[in-house]
Protein chains: 2
Amino acid sequence: MPHDNLLSNPLPSWNEGKSKKAVINFVESVTSEANPNFVPPMDRIAVFDNDGTLWSEKPFYFQMIFALERVKALAGLHPEWKETQPFKAILEDDMQGFLSKGMKAILDVLFATHGNTTSDEFEQIVLEWITSARHPTTGRLYTEMIYQPMLELLEYLEAKGFKNYIVSGGGIEFMRAWVEDVYQIPPEQVIGSSIETEFTMRPEGPVLVRTPKVDFVNDHEGKPVGIFKFIGRRPIMAVGNSDGDHQMFQWTAAGKGPRFIGLVHHTDQNREWAYDRESWVGKLDKALDEALERGWTVIDMQHDWQVIYPWEVQT
Amino acid sequence: MPHDNLLSNPLPSWNEGKSKKAVINFVESVTSEANPNFVPPMDRIAVFDNDGTLWSEKPFYFQMIFALERVKALAGLHPEWKETQPFKAILEDDMQGFLSKGMKAILDVLFATHGNTTSDEFEQIVLEWITSARHPTTGRLYTEMIYQPMLELLEYLEAKGFKNYIVSGGGIEFMRAWVEDVYQIPPEQVIGSSIETEFTMRPEGPVLVRTPKVDFVNDHEGKPVGIFKFIGRRPIMAVGNSDGDHQMFQWTAAGKGPRFIGLVHHTDQNREWAYDRESWVGKLDKALDEALERGWTVIDMQHDWQVIYPWEVQT
């Protein structure tokens, strides 16, 4: 879309309807100086979940696919993994076996694949993967599986003086390696889960080493804590898609003045996936109840979006 | 200073000399597109220590004075403090007694005075103090004891497309309560030490509660870790005044391309204070050695600055 059409025709991939109207009404009201809801630019903070909100998250969170593929890539250096769980299950493509081992197994894989490098090295590893790995069912690059209507929303908000932040349960350094290119969001506007890093003086100079220890889990109750830690103020707009965003919604909504809370509801089994209350990935249950009760905007992917992915846009 | 003079006459309170020249040469070189050292605006990240770099820190860090005065303000609610150390020493104005009790005593006071409130309540407590408390020797508000030449430097960098961050060992929420008014630096550009906060649902709504647990110490090795966590990239300019900034200097200097490292050296016992290698507050020893060895810019407060505080400016 040519940029000069952005303000005269915002959100072109959104169907006319309640969701699009709610977004535009909110943005217009907080950016019009004459409106009693006017919010000065410095307070126009919008926060977005990533997995399932800005890009897809099926069959598993893409960062988990990265970790599993990384186990295979590193297996030659770790012959013991052939006989050690949960690595054995992964190397044998036994996903049920891996997932049955619970959170401890996930953390073991996370540390083995995300720790013990410098931050610079890790960025390179992520970049190599994200620019070459392909999604198991679509065959697309993962960065192609972003939502066109959300890109338009980010761009519209930016043009209206908002500062957009990603606030994800995913890894902060995993995301920062590529989100600036893909979403035009700079690294300092990315908040995520982290493992501890340590400053270490090496012969070649000082480096930051990623250690196999959890630093912060930016999910559920962690999201408002992470937002306040990084930004120091309360957003006026929050968009997510799962119960992991519930506390972020509640804390955002509790601020004084106008607020916009949006939930991306995965309702399109043909163009994307359809899931909510029963899904392991992106479970949306309690937050959906509260959204319906309080009149938050539930974005119905099937009905509200003309296209899902950028490659579907007619040019 | 009128803003339109800023770029034709930057740093008016700095005496002509090596330090002023080094700053201006660096800024000019990284902001001139024709220069081989040119740095695009998004990478123009500058980090500043706070205590002793942007404002004074004697006789003790001002946040410690806040904590000690807070002990006295809260003493009525804690009759047991009259008989419990380190509170007893503080209530009896026995600073030697208090300091002799070491880091444990400091943490006890920190938790007692900085924890167990919501984030909103803590902001109010800090604001009330910072707008009324007076420095023991100058009788000034603490926010008047900021360095005029550094305000000019922040303003000059901002005008040249830099993004200025405060990176302090001081408390992140303590600083965020007032730095935007005083330095024109928004809360999301403030990085500091923190205690853990917890998301809690109360009858009146969700709040963030400050708990008596250390979350992160943003000092020494913590500074590069904090910078990378919050910003996700390496600064091209770092200014500090003590060994607590040493690793921030080293990590900033180790980046590829042009770098500016500046140390504020407290050399003016008449207009401010004179101290370095032997001082308990703001000790500058190893970082000074490395600065001299590597040719980093040592800013001599007595010789390089025409005035120290804003109230000295002739209008």
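Buried is taken here as under 20% relative accessible area and exposed as over 50%, with partly exposed in between (1.4 Å probe, protein chains only). The model is a predicted one, so local features need pLDDT of at least 70 and side-chain atom pairs count only at pLDDT 80 or more, while totals for chains, interfaces and linings use all residues. As for bookkeeping, residues are numbered from 1 along each chain as its sequence is written, chains are lettered from A and ligands numbered from 1 in the order in which they are written, and side-chain values use heavy atoms, with hydrogens and water left out.

At 14% relative accessibility, A:Glu290 counts as buried. A:Glu290 belongs to helix H12 (residues 286–294) of chain A; helices (H or I, at least four residues) and strands (E, at least two) are DSSP runs, numbered from the N terminus. Setting aside neighbours within four places in sequence, A:Glu290 is in contact (heavy atoms within 4.5 Å) with A:His246, A:Gln250 and A:Trp296.

Over in chain B, B:Ala238 is also a buried residue, with a relative accessible area of 0%. B:Ala238 is part of strand E5 (residues 237–240) of chain B. Neighbours within four places in sequence aside, the residues in contact with B:Ala238 are B:Val47, B:Met248, B:Phe249, B:Thr252, B:Phe260, B:Ile261 and B:Gly262. As for B:Trp251, 13 residues away from B:Ala238 along the chain, the C-alpha atoms of the two are separated by 9.6 Å.

Next comes helix H6 (residues 119–130) of chain A. The buried residues in H6(A) are A:Ser119, A:Phe122, A:Ile125, A:Val126, A:Trp129 and A:Ile130. Looking down the axis of H6(A), these buried residues fall within an arc of 120 degrees, so they line one face of the helix; the arc is that of the directions from the helix axis to the C-beta atoms. An α-helix has 3.6 residues a turn, so residues three or four places apart point the same way. The cover over the buried residues of H6(A) includes helix H2 (62–74), helix H5 (102–114), helix H8 (172–176), strand E3 (190–202) and strand E4 (205–216) of chain A, along with helix H10 (222–231) of chain B.

On to the strands of chain B, where two strands pair if DSSP finds at least two bridges between them. Strand E2 (residues 163–171) and strand E3 (residues 190–202) of chain B run parallel and are joined by three bridges. B:Gly171 has B:Ser193 as its bridge partner in E3(B). E3(B) is also joined to strand E4 (residues 205–216) of chain B, this time antiparallel and by eight bridges. Here B:Glu198 stands opposite B:Val209 in E4(B). E3(B) and E4(B) form a hairpin, with two residues between them.

How do the chains relate? Two copies of a chain are related by a rotation about an axis and a shift along it. The same surface serves both copies, as 100% of the contact residues of chain B recur in chain A.

The contact takes 34 residues from chain B and 34 residues from chain A. About 2800 Å² is buried between the two chains, with carbon and sulfur atoms giving 58% of this area; buried area is the accessible area (1.4 Å probe) that two parts lose on being put together, summed over both. In chain B, B:Glu188, B:Phe199 and B:Lys229 lose the most area to chain A, together 22% of what that side buries.

Finally, some backbone details. Most residues other than glycine have a negative phi, and most peptide bonds are trans. A:Asn116 is not a glycine, yet has a positive phi of about 60 degrees. A:Asn116 lies in the loop between H5 and H6 of chain A and, at 59% relative accessibility, counts as exposed. The peptide bond from A:Lys58 to A:Pro59 is cis, with omega near 5 degrees.
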